[in-house]
Amino acid sequence: MNELVREHTALDASDLEWLHLLVSEWQLLSDLSFADLVLWVPTRDGARYVSVAQMRPNTGPTSYQDDMVGHLVPRGRRPLLDAALDEGRIVREGDPEWREEVPVRVESIPVRRDGRVLGVIARNTNLLTVRTPSRLELTYLQSASDLAQMIAAGAFPFPAEQIDMDASPRAGDGLIRLDADGVVQYASPNALSAYHRLGLAADLVGHHLGKATAELAPAARGPVDEALVTMASGWAPREFEVEGGDGVIQLRAIPLKPKGVRTGSLVLLRDVTELRRRERELMTKDATIREIHHRVKNNLQTVAALLRLQARRMDSASARGALEEAVRRVGSIAIVHETLSQTLDERVEFDEIADRVLAMVAEISPGRVTARRSGRFGILTATTATPLSMVLTELLQNALEHGFGPGESGSVDITATRGRELITITVQDDGRGLPPGFDAQQAGNLGLQIVRTLVVGELGGTFDMVPAPGGGTRVILELPLAG
């Protein structure tokens, strides 16, 4: 619609925004009218109309088998469009049109904003299945007529009302028609069923909807109860939910002012009991998963503390070093679980984890070697983040312990390059370099064995360790990104 309006018409950005607001709402008008809607806007030179949007009804057969968006029609070919645009009124005169042996009643509704007619909605009703309308259909048609008059007067849609139309109730979900005092004139079967689920034992017709709704909701006091009565009475455009009995219903109130004076309201409602139940179950599940990660993190930190305590009691330097390495390995896993305990899904921002792992490992050589990270790891799944944190721990620990001697200074750099399907990680130091004849795929060091097992076996990636240009060692990891 944006391209069509900008290419063919003289409407400005605020006019286009009004049309977007109208199109976001007009499924309701289409369903209540049992009719197709096509929005026609005059071209910049005024000689033609361009169709910029189209809507088919969910409640009846369509009048158009083809897509009408983008069609251009010369002025004068469709007199009803001309009359609605020039006179600013709803035009219903004329005999039905015949389209592929189907009679179609055409009406034109001017779209007004701030006193100007921006375009015309052509309402096309397939008359092939016309029969004596039921009370429900009569209520639909009357409500559609009121909305059409409000559109022609520039009173609908409501600019201040922000509605998520995908989640908002539709006419077929449940409909209640109120008079000017908020008393129910008509309630569709679906609407009545929803209120019965709230605990209503009688019929709704003849009752004040606001008061009946407040009585069915859990006991509220003062302003809360009064606000519910007001909202359910349809005095202002609002969307809200009511929970009571065994159900939850979502309501949307639309004041009807076809001639500038409020004559009643339309209330759309939907039974969302099962939807809210599933949402609560998911929230409970998410909270449980986060709590599990939190407890795992606490347990791992306890294990690390016990290992650290044991290391201090060891007389053997090699045994003490092995326990300190185990402390760092456990700590890297604990960092991942701590991060997962703070998220809503099993995905984590790995850059923060990498920085914390880097800081943890760098503590073994304070002041001698500078450790840095560049590039972005981005969002990773838990199944990737946990082994990758251990891999980084082993590689950093290996670089700091074996790349630099006592008192030597230098740097270790982690670089992450993320593509669409792979992430490439480089760990490079400017230390001593690799010993002659070193084979990264066969080296027996426990840390490298852990790296090979995790990278190749668990992450499905590749691992290589080569001399760095200018001295030092470069480790290159290539890991596939999980979907």
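The model is predicted, so to speak, throughout: local features need pLDDT of at least 70 and side-chain atom pairs count only at pLDDT 80 or more, while totals for chains, interfaces and linings use all residues. Residues are numbered from 1 along each chain as its sequence is written, and side-chain values use heavy atoms, with hydrogens and water left out.

Strand β1 (36-42) is a handy place to start. Helices (H or I, at least four residues) and strands (E, at least two) are taken as DSSP runs and numbered from the N terminus. Of the 7 residues of β1, 6 are buried, so the strand is largely enclosed by the rest of the structure; buried here means under 20% relative accessible area, exposed means over 50%, and partly exposed covers what lies in between (1.4 Å probe, protein chains only). β1 runs antiparallel to β6, with 5 bridges joining them, and pairs with β2 in the antiparallel sense over 6 bridges. Two strands pair if DSSP finds at least two bridges between them. On the β6 side, Asp36 has Asn124 as its bridge partner; on the β2 side, Val38 sits opposite Gln54. β1 and β2 also make a hairpin with 5 residues between them, and Gly46 in that turn has a positive phi of about 75°.

Phe34 counts as buried because its relative accessibility is 18%. Asp114 is another non-glycine with a positive phi, this time about 50°, and belongs to the loop between β5 (102-113) and β6 (116-126). At 67% relative accessibility, Asp114 counts as exposed. The C-alpha atoms of Asp114 and Gly154 are 6.9 Å apart, with 40 residues separating the two along the chain.

The loop between α4 (135-153) and β7 (175-179) holds Pro157, and the peptide bond from Phe156 to Pro157 is cis, with omega near 5°. Phe158 is found in the loop between α4 and β7 too, and its 14% relative accessibility is why it counts as buried. Between the C-alpha atoms of Phe158 and Gly433 there are 70 Å, for a separation of 275 residues along the chain.

Further along, strand β10 (residues 247-256) has 10 of its 10 residues buried, so this strand is largely enclosed by the rest of the structure. Gly247, Ile249, Leu251, Ala253 and Pro255 point one way, Val248, Gln250, Arg252, Ile254 and Leu256 the other, and all are buried. Strand β9 (residues 238-244) runs antiparallel to β10, joined by 7 bridges, with Glu239 opposite Arg252. The two form a hairpin with 2 residues between them, and Gly245 in the turn shows a positive phi of about 60°. β10 is also joined by 8 bridges to strand β11 (residues 264-271), again antiparallel; there, Ile249 has Asp271 as its bridge partner.

Back in the loop between β2 (48-55) and β3 (72-74) sits Asp67, which counts as exposed because its relative accessibility is 52%.
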